[in-house]
Structure formats: C-alpha cells, structure tokens
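User: Please walk me through this one, beginning with the aromatic rings and then moving on to whatever I ask about.

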Amino acid sequence: MPNRYISTFNSGELSSNMEARTDLKVYEAGCKKLENFQVLAQGGVERRTGTKFIAETRTGHGTAGNNPVQLVPFDFSVDASYVIEIGTGGYINVYTQTSSTPVAVSAAAGHTIPDYDIADLGSIQFVRRFDTVILTHPNYPPQVLQRTVVEPNLAFEIKELEYDYP
C-alpha cells in the first residue's frame, strides 16, 4: 500500500480520541504527533527554532509583527526568572517562567521608554543587580529597569539613570 503524502497540517496535532476517524475532514489535515515543528498559517510546517515559542513580537504600536527584538535574561533567583523583550517603537515587555502573557514595562513619571532602532537592538548591553537591570547603548541614555511590585501583580518600571555627583 503506498504512503499518502500530507501537505497540510492546519488541524495540528490531533487527540488520541481522533485516531482512525477518517470520516472527518479534520483527520486529513492533522497528525498524530507533531514534535519540534511549528504549524504555519498556510498549512505547512517548519522546524521550530532552538527556543520555545512563547508569543509573536509586536511593532511599537501594539500590533503583532514579528519584528526583531533584543532578549535580555533576568534571573533574580531560582524561583524568579524573566526574559526582557526590548523592541522597536518604544516598548519593553517582560515574560515570566510561568506565563506566556507579557508584563508591559511602564515608564516612570517624567520619563519615556527609549525608541531603539532595529540596527541598535543587538548592541544593547546590560548588567543585573537584585531587582534592577541597567541597559546601556552608545546612542541612547543609560536606562534603569526595576522590578517594582512582585505580588499580587508583577510590575516593572524604566527610567533614565540618574547620576549623583559628589
């Protein structure tokens, strides 16, 4: 018996309850096990990247766009690890270990979130100490990103680094 080639996976990975349900259209567009692949909206699949897909990046104006971003690890402790997503258009999001919904970073009073250029994202340097991450880049003022609230709702705030001269 020849093997049948499946060219669409719009149904994704099917439940074991769907086994041998050839009478259903969804059965023809799915598979039993789909591991290390990502289903494309057009119906095909592609190998996943080396990291776990959490969410699409967005443009600076709130719409999904898969624009380039800079990811910054922020490991506070064994129980509290975050990934900071710095994007173009003046936005910064923070992802936790347990949620795929980002925490939006707010600007401190009188400050704004820097509007990094795509070409500058890879040159952002950072250092972490306790609840604080300092972000630097030659073309932008140094920024201080702080975890301001832990419970009940996690919150982060960013502002320009203020120097205290003696």
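**Rings, core and sheet**

Analyst: Phe-74, Tyr-82 and Phe-156 are linked into a cluster by ring pairs, where rings of Phe, Tyr and Trp (its six-membered ring) pair if their centres lie within 6.5 Å, and planes under 30 degrees apart count as stacked, over 60 as edge-to-face and the rest as tilted. This is a predicted model, so local features need pLDDT of at least 70 and side-chain atom pairs count only at pLDDT 80 or more, while totals for chains, interfaces and linings use all residues. Residues are numbered from 1 along each chain as its sequence is written, and side-chain values use heavy atoms, with hydrogens and water left out.

User: How many aromatic pairs are there by this rule?

Analyst: The count comes to 5 aromatic pairs. One of them is Tyr-82 with Phe-156, an edge-to-face pair at 5.4 Å centre to centre with 80° between the planes. Because Tyr-82 lies in strand β6 (residues 81–87) and Phe-156 in strand β13 (residues 155–160), the pair ties together parts that are 74 residues apart in sequence; strands here are DSSP runs of E of at least two residues and helices runs of H or I of at least four, numbered from the N terminus.

User: Is Tyr-82 buried or exposed?

Analyst: Tyr-82 counts as buried at 7% relative accessibility, and Phe-156 is buried as well, with a relative accessible area of 1%. Buried means under 20% relative accessible area, exposed over 50% and partly exposed in between (1.4 Å probe, protein chains only).

User: Which residues touch the most other members of the largest nonpolar core?

Analyst: They are Ile-84, Ile-86, Ile-92, Leu-135 and Phe-156, in a core of 21 residues, a core being a set of buried Ala, Val, Leu, Ile, Met, Phe, Trp, Tyr and Cys residues joined through side-chain atoms within 4.5 Å. At least two residues of this core come from each of β5 (69–75), β6, β7 (91–96), β11, β12 (140–149) and β13, and β6 gives the largest share, 3 residues.

User: What does Ile-92 touch?

Analyst: Leaving aside residues up to four places away in sequence, the contacts of Ile-92 include Ile-84, Ile-86, Val-103, Leu-135 and Ile-158, where contact means heavy atoms within 4.5 Å.

User: Switching to the sheet, in what order do the 5 strands run?

Analyst: The order in this open sheet is β9-β13-β12-β11-β10, with mixed pairing; two strands pair if DSSP finds at least two bridges between them. Since β9 (106–107) and β10 (125–129) stand at the edges with a single partner strand each, one side of each is left without a neighbour in the sheet.

User: And how many bridges join β10 to β11?

Analyst: There are 5 bridges between β10 and β11 (residues 132–137), which run antiparallel, and Val-127 has Ile-134 in β11 as its bridge partner. The two strands form a hairpin with 2 residues between them, and Phe-130 in the turn has a positive phi of about 55°. Most residues other than glycine have a negative phi. Phe-130 counts as exposed, at 54% relative accessibility.

User: Lastly, how many strands and helices are there in the chain?

Analyst: The chain has 1 helix and 13 strands, and 28% of its 166 residues count as buried.
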